[in-house]
Every structure is written in structure tokens, then in C-alpha cells.
Amino acid sequence: MNIMDFNVKKLAADAGTFLSRAVQFTEEKLGQAEKTELDAHLENLLSKAECTKIWTEKIMKQTEVLLQPNPNARIEEFVYEKLDRKAPSRINNPELLGQYMIDAGTEFGPGTAYGNALIKCGETQKRIGTADRELIQTSALNFLTPLRNFIEGDYKTIAKERKLLQNKRLDLDAAKTRLKKAKAAETRASSEQELRITQSEFDRQAEITRLLLEGISSTHAHHLRCLNDFVEAQMTYYAQCYQYMLDLQKQLGSFPSSYCNNNQTSVAPVPSASSNVIGSSALSSTSGLVIASPTNLIDLKECSGSRKARVLYDYDAANSSELSLLADEVITVFSVIGMDSDWLMGERGNQKGRVPITYLELLN
């Protein structure tokens, strides 16, 4: 028998096997044939693997969106990755904003308040851009790559063996059907022999699939370590950004108050008319209090100590640098060099922040 005859016979056998599986599958769907059920443990393992695959893909794709919001940039990086080439370095959004701020500050003049502030903000934005780049690189290496390796490696192997198991099950059930239909003794003997072979092959494939599926627990443990690495990378990134902005806030806060002129002065909020009426009537019947008049405030600004002050009206802080106030509470206030004249620094226990002087009355 030459090679061509062997190949023809092999193709004919494969076609016969495929046809037998197709018939068995169709009859199962129509309810005309019995189906061998997998044991509960194997079914649970298959379900766990499928669930792991689905959620790993979703988490991986959304992480990519989080790290790189630009879809065109993601497509470009994907193409370069498939071509096994390094993607060209591109400036990110914080770095671009930082460069614009620096260029604007340079043109306005580093000696001006606005120009100086723009340059400082720009330098901070560029540092944030660098931290953002480091976050992307670390997350891709320690988190995204292991997830992608599972989808493109381990799970593909599991899917391949699962398909083989499905085919072996169809062969087994087809053999069972033929045995039931066999009437002649010789045909029954042949069918019984076929059934023993297909049963053995099915059991062997089921064991191989089970061993692979039991590795999903190890995959979860590995992904947990990767998740911890991702959280640590984010924690480092946000801590860096917080420190950069804290330093920037201190630098901007150190500008002399004379910089804030030409209608750029930070104006303290003014209580409503109804609040003033209530406050005035309350003060008229109160003794031992000193209203926060300009003279008293000048005295406070000139002294280096602190004073107690009663809050006249509720006040909601506009940002993290301010302190929210409740009417009638007593807080400690003191002046800070360089702070706008309409504001004081207020302190309540461990809380501290700027407070508008129009909401206060100083106590003796």
C-alpha cells in the first residue's frame, strides 16, 4: 500500500468518524439519542474554568481602558505587540499639559505671579505624567501580561482538551447506539469491542481534562498575587501624585499676597442678609464678646499667638484647604504669613483649614 492509498483511507475514516459524531449530536439535540453525562465534579471544574476565562477577559480589557483611555493608542500598541515590535514612545496627556503650561509661563514671564505659577504647575504635571507612564509599564508587566498569558495559553489548552473530550463522548454514545441496534451475533461482538475502546478513550480524556481544570485553583492564586502587585502599583502612583500636588500647593501658597491683585484676590464668602440679621440680633444681647471688626483683626494679624472665636453662621468648605463651620461652635484661629486678609487659619481638634473672617467673632 503506497502513501496515497494510506492517506485516502485515513481521510475516509476521518470522514466516517465526523459523520458519526454529527449524527449523534443531532439526535441528542432532537431528543432521539441518549447522552453520557459528565460527573458533577468535572462539570463544576468546567464551569469554573469558563467563568474564570470570561471575567479575566473583562477585567483585562477594562484595565487596558483604564491605563490607556485612547482607543487608537490601544489599537496601535496591539498591532506593534503582534508584530513583536516596540511601539514608539508618545507624550501622554499630563506631560503635554505640563509642557503647554511651562511654555505659557515662559512667555508671560517667570518673574510674574501668573507665569511663575504656570511653570510650577507645568513641572508638576510633567512629574505626574512620568508617574503615569511608570504605572502603565508596571501594571502591564505584573498584571496584564499574566492575565493575557492565561487567556492565550492555559485556557486555549483547556479548550482544546475540552473539545477532544466532547468528541470522545460523542464517539462513546454513538458506539452505545450501534450496540443497541446490533442484532446479529457477529455485529454485536464488533459493537461491544468498539464500545470498550471508546469507553477507555473517553475515560482517559476525561482524566486529562480534569487534571488541567484542577490547575484553575493555582491560576486564581497566581492572579491574586498579580492583583496585589497592581494595587501596590496604583497605591504608589496615587501617593506620588498626592505628594506632587501637596508640594505644588505649598509652593503656590507661599506667593506673597501682593501677587493676588487686579481682581484676583481670594474673597471670603459673605453671609446672606437673613443670616446677618440673626447674627446681629444675637450679638446685641451677648456680653463679653468682641465682633471681628477690622481693628481686632489687624491686632490678631500682628500678634503671633492664637485666639478663640465663635462661629456666627454655618459654612461649608469649598475645597480641602478650608474648614467647614457650624454656627455657635468655638474654634481656635490664628494668622498665617502670606494668607489673604479676608481669611484666617481655623483649628478644631485635629482639623485645620482656612475660614472666612466674616463668619467669626473673636472672644476676649
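## Worked exercises: strands, rings and helices

Strand β4 (residues 343–348) and strand β5 (residues 351–356) run antiparallel and are joined by 6 bridges. Please keep in mind that this is a predicted model, in which local features need pLDDT of at least 70, side-chain atom pairs count only at pLDDT 80 or more, and totals for chains, interfaces and linings use all residues. Residues are numbered from 1 along each chain as its sequence is written, and side-chain values use heavy atoms, with hydrogens and water left out.

**Exercise 1.** Trace the strand pairing around β4.

*Solution.* 
- Start with the terms: strands are DSSP runs of E with at least two residues, helices are runs of H or I with at least four, and both are numbered from the N terminus. Two strands pair if DSSP finds at least two bridges between them.
- Now look at the turn. The two strands form a hairpin with 2 residues between them, and Gly-349 in the turn has a positive phi of about 60°.
- Finally, turn to β3, which pairs with β4 in the antiparallel sense over 3 bridges. Here Thr-332 stands opposite Glu-347 in β4.

**Exercise 2.** Classify the ring pair of Tyr-315 and Tyr-359, and say whether each residue is buried or exposed.

*Solution.* 
- Rings of Phe, Tyr and Trp (its six-membered ring) pair if their centres lie within 6.5 Å; planes under 30 degrees apart are stacked, over 60 edge-to-face, and the rest tilted.
- The structure holds 6 aromatic pairs. In this one, the ring centres are 5.2 Å apart and the planes are at 65°, so the pair is edge-to-face.
- The pair links distant parts of the chain, 44 residues apart: Tyr-315 is in the loop between β2 (307–311) and β3 (330–334), and Tyr-359 in the loop between β5 and β6 (360–363).
- Buried means under 20% relative accessible area, exposed over 50%, and partly exposed in between (1.4 Å probe, protein chains only). Tyr-315 is buried at 8%, and Tyr-359 is buried at 8% too.

**Exercise 3.** Work out how helix α2 (residues 40–67) is oriented against helix α5 (residues 113–181).

*Solution.* 
- Axes are lines fitted to C-alpha atoms, for helices over the stretch in contact, with angles from 0 to 180 degrees between N-to-C directions.
- The two axes come within 10 Å and cross at roughly 150°. That makes α2 roughly antiparallel to α5; angles over 145 degrees count as such, under 35 as roughly parallel, 65 to 115 as roughly perpendicular, and the rest as oblique.
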